[in-house]
Each structure stands twice: as structure tokens, then as C-alpha cells.
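Work through these exercises with the sequence and the 3D view side by side. Try each task before you read its solution.

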Amino acid sequence: MASLETPVCEFGWKAVDFDLLGVDGSRYNLTSAKGENGLLVMFICNHCPYVKAIQDRLIRDVGELKQYGINAIAIMSNDPADYPEDSFDNMVRVAKELNYPFPYVWDETQEIAKAYGAVCTPDFFGFNSTLGLQYRGRLDASRKEAAAPDVRRDLFEGMLQVAKTGQGPKDQIPSIGCSIKWRSE
């Protein structure tokens with residue numbers, strides 16, 4: 001996997017709207033996905049080792065953020081032509097197996113990922129209640145495939161600060177991870 005680092009986005013940058021099909025058959029957009037205090041947009045995929053290594057932590061933290069009025073939506077942005085395991089049917093199976101506490105949606109063209117400036121999976125964008133960007137980071141701040149399940153991540157703490165104060169931390173974590181197809185072309 002190639003490692004890429006992108007500049008951290010400016011605070012206040014507005015969330016890019018979307019209209020995507022979820023694995024539950026519903027369609028999701030910013031309005032339907034946003035929580036009272038904000039929204040965490042997650043670009044993840046079924047085959048990503050970081051997601052597989054810490055799925056329990058992801059599910060736990062998203063569940064806790066929801067208690068603070070922050071919803072999350074996971075956008076799968078890999079091309080099934082290159083990654084057959086990321087087919088829509090497999091997404092449905094994985095989502096049911098793991099009982100994800102967030103909408104898991106399908107961006108077949110990867111246009112949403114490009115609009116957000118996502119360059120890797122997992123890539124995270126945290127928006128406040130008015131959908132201005134307050135945090136950007138990656139799933140596993142330790143950059144290890146296996147992370148201790150009781151360690152709080154910067155991502156969770158950053159989004160918790162968004163919920164409590166309306167503003168995220170001044171220091172954000174740039175995204176570093178595996179490149180996706182549109183980036184490498």
C-alpha cells in the first residue's frame with residue numbers, strides 16, 4: 001500500500017452533500033445523516049486492514065459519539081472492479097454481521113470521496129452542527145494494524161470536543177493510509 005499525506009483542511013469548510021444508497025435500502029444525505037451536534041463522515045472499505053483490526057473500537061466510539069448528538073455515516077469508496085470484496089452485496093453482509101451503528105452507504109463512482117478530498121481509507125471528516133469542518137483525521141492514530149481496545153483515539157476526543165464546545169481541536173491529524181484507485185491514476 002502506498003502512503004500518502006494530505007494537507008489538513010481549513011476549519012469552516014462545508015461538508016459536501018451526497019445522496020447515496022445504504023445497505024439497508026434507504027437513501028442518505030447530509031440532512032438525514034446529521035446529528036444534533038454534528039456529523040462524522042467516514043470513508044472506509046471492507047478490505048481495509050485498519051478497519052478489520054479495530055472494528056470493535058470503531059463501533060464503540062461511534063455509539064458513544066451518538067450519545068453526544070454526533071451521528072456518523074460510513075461511505076465505502078472503493079471500486080469493486082478492483083476490489084470484488086467491496087461489492088454492494090458484500091457490504092450488506094459485512095454490515096449485518098458486525099451490526100454497524102451507523103449508515104453504511106455506497107459511492108460506486110468515488111465522486112463523493114473526490115469531492116471531500118479523501119485520499120485514503122479510512123479517512124474521517126468531522127463537522128459541527130452547522131456542517132462546518134472542525135476535525136479531520138484517520139482511524140488508527142497509532143498507525144498500527146492492531147491497537148489496544150482500551151486506548152482512546154484522537155478522533156474520538158476531537159469529535160467529543162466538537163459536541164461539547166462546537167469547535168474541534170486546533171491540531172488535526174492529516175490522513176495517511178492506503179491510496180484508492182482514483183488517486184493512483
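Arginine 60 is partly exposed, at 28% relative accessible area; buried means under 20%, exposed over 50%, and partly exposed in between (1.4 Å probe, protein chains only). The model is predicted, so local features need pLDDT of at least 70, side-chain atom pairs count only at pLDDT 80 or more, and totals for chains, interfaces and linings use all residues. Residues are numbered from 1 along each chain as its sequence is written, and side-chain values use heavy atoms, without hydrogens and water.

**Exercise 1.** Find the salt-bridge partner of glutamate 64.

*Solution.* 
- Start with the rule: a side-chain nitrogen of Lys or Arg lies within 4 Å of a carboxyl oxygen of Asp or Glu.
- Glutamate 64 meets arginine 60 at 3.9 Å, N to O.
- Both residues lie in helix 3 (residues 55-67), 4 residues apart, about one turn of the helix. Helices (H or I, at least four residues) and strands (E, at least two) are DSSP runs, numbered from the N terminus.
- An α-helix has 3.6 residues a turn, so residues three or four places apart point the same way.
- Now widen the view: Arg60, Asp61 and Glu64 are linked in a network of salt bridges.

**Exercise 2.** How many salt bridges does the rule give? Look at two further pairs.

*Solution.* 
- The count is 6 salt bridges.
- Glutamate 97 pairs with arginine 93, with the closest N and O atoms 2.6 Å apart.
- These two sit 4 residues apart in helix 4 (residues 88-98), about one helical turn.
- Glutamate 97 is exposed at 57%, while arginine 93 is partly exposed at 41%.
- Arginine 27 bridges to aspartate 19, at 3.1 Å between the closest N and O atoms.
- Aspartate 19 is partly exposed, with 46% relative accessibility.

**Exercise 3.** Which residues of helix 3 are buried, and what covers them?

*Solution.* 
- The buried residues are Gln55, Arg57, Leu58, Asp61, Val62 and Leu65.
- They cover an arc of only 160° around the axis, so they lie on the same side of helix 3. The arc is that of the directions from the helix axis to the C-beta atoms.
- Asp56 and Gln67 are exposed on the other side.
- The cover includes strand 4 (38-44), helix 2 (49-53), strand 5 (70-76), helix 4, strand 8 (123-127) and helix 6 (154-165). Contact here means heavy atoms within 4.5 Å.

**Exercise 4.** What phi does glycine 69 take?

*Solution.* 
- Look just after helix 3: glycine 69 has a positive phi of about 85°.
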